[in-house]
Amino acid sequence: MRISRRAFAAAAAAVVLMPLSACGSGGDDGGSTDASGKVEGDITFQTWNLRANFKPYFEGVISGFEKQYPGTHVKWIDQPAEGYADKISADAAGGTLPDVVNVSPDLVAPLAKAGLALDLDKSAAKYRSEYLPGAWASHEIPGMTGTYAFPWYLNTGPLFYNKSLFQQAGLDADQPPKTYDELFAQALQLAKKTDGKVATLANVPTVEDFGRYGVELMNKAGTAFAFNDAKGIELLTKYKELYDAKALDPQALTATPESSGKKFLTGAVAMNPGSALDLDNFKKQAPTLYKNIGITDQITSTGHVNMYVMGVMVNSKTKHTPAAVAFAHYVTDARQQMSFAKKVAIFPSTAGSLDDPYFTKEDGTDETRVRIAAAKSLKNAVNYTPVLFSEQMKTALRNEVAKALQGKESPKAALDNAVKACDTLLQQEG
């Protein structure tokens, strides 16, 4: 799996809520929430499309755990990326959910609501201080008390921009936009100078973009969405101006992260978000672009960049709670996370790990520069996408945004309709 911004951004399909009676790990109807007993027994551990590239790493982790805790045995299951959410839903409903499961926050929410995710604030509170506060909080569920997964690896990344395209438009390639006002102004200038042939952005605004802009996404109770406020309308209005001027790529309405990346590679768009992994891709596939690559920070009105986060959940119905909790903690502890981070461009969620020289010491390469900048920003980063924002809600927002950009609805009407649709879905899923 290419663990990059794109891997995190491509969130899995919505999980259907399981009945509360669903049981897991082949048991009848319950395990224990007490993790203080002896660590022993056979448990299953499920990952999300990681075996192909990281088989030796995970086999080493499992071997180390079994050596540390004689009397344990971990069976590793790896599921493909395609249909992962549906697989979790089916397992949960059928009572075959593994003991320890790789999840993202949106996947853990319905499991927690169905009583299938162990509350770590009750069962593993002693480990909380080992993790970055923002990472631990990423698996809290609005309207519920508790935390329902250990935070695992994180990712964020900069904005890449094509210096050559900026120069051709009369912009200072060494002074990329730092604020939204600068971004929108420069995008309009670039489109005008190129007669609409080069767009600056390739993606329509998503819920995380509204969050970065400073929009209040949900009410505090987590019972209703709120991104149709004045700031939300302002952002969508700005995007409408970009779209009309062809400063936003005309195909943005149907773009995927992959298609946007290809447009950036070919010089059809001037800016695109990414991660350190993308630099190697630029070097191999677009050497001319690589020579002209500019790197700048994510643009945000809040002072906090967006963070993508993965987690490790413990099935509350496991028959071996001490072993399952111990293993979930072992996989996500500082030593294992640092080891994993040196194999692929991801970042540890453990407190203090981002101060390691690997994330702080420059060596003159762009790859290290991106890694250091990202690590620094992650210390106070936020997972803007609401935990309760399902795939269906993302589609509803995207459809309404498209109508606004095409002029079929006003930005206000589009966001009002999106909030209404998302609130309806929220009530159905709740």
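How many aromatic pairs does a search of the whole structure find? Please then look closely at helix α2 (residues 51-68).

Mentor: A search of the whole structure finds 31 aromatic pairs. In one of them, the rings of Phe65 and Tyr69 have their centres 5.0 Å apart and their planes at 45°, so the pair is tilted; rings of Phe, Tyr and Trp (its six-membered ring) pair if their centres lie within 6.5 Å, with planes under 30 degrees apart stacked, over 60 edge-to-face and the rest tilted. This is a predicted model, in which local features need pLDDT of at least 70 and side-chain atom pairs count only at pLDDT 80 or more, while totals for chains, interfaces and linings use all residues. Residues are numbered from 1 along each chain as its sequence is written, and side-chain values use heavy atoms, leaving out hydrogens and water.

Helices (H or I, at least four residues) and strands (E, at least two) are DSSP runs, numbered from the N terminus. The buried residues in α2 are Phe54, Tyr57, Phe58, Val61, Ile62 and Phe65. An α-helix has 3.6 residues a turn, so residues three or four places apart point the same way. The elements that cover the buried residues of α2 include the β1 stretch 41-48, β2 at 72-79, β4 at 150-155, and the helices α14 (321-332) and α15 (334-341).

For comparison, look at strand β5 (residues 159-162), where Leu159 and Tyr161 point one way, Phe160 and Asn162 point the other way, and all are buried. This strand pairs with β6 (residues 271-273) in the antiparallel sense over three bridges (pairing needs at least two DSSP bridges), and Pro273 in β6 is the bridge partner of Leu159. Strand β7 (residues 293-296) also runs antiparallel to β5, joined to it by four bridges, with Gly294 in β7 as the bridge partner of Tyr161.

Two loop residues deserve a glance as well. Asp195, in the loop between α8 (180-193) and α9 (207-212), has a positive phi near 55° and is exposed, with a relative accessible area of 67%. Lys246, in the loop between α10 (230-244) and α11 (257-265), has a positive phi of about 65° although it is not a glycine, and Lys246 is partly exposed at 44%. Most residues other than glycine have a negative phi.

Finally, consider confidence: the mean pLDDT (the predictor's confidence in each residue, from 0 to 100) is 89 for the chain, and 93% of its residues reach 70 or more. Over residues 1-29, however, pLDDT stays under 50, and for that stretch the model has 104 contacts beyond four places in sequence (heavy atoms within 4.5 Å). Where pLDDT is low, the predicted coordinates should not be read in detail.

Technical notes:
Buried < 20%, exposed > 50% of the residue type's maximum accessible area, 1.4 Å probe, protein only. Bend = angle between axes of the 7 residues up to and from the residue.
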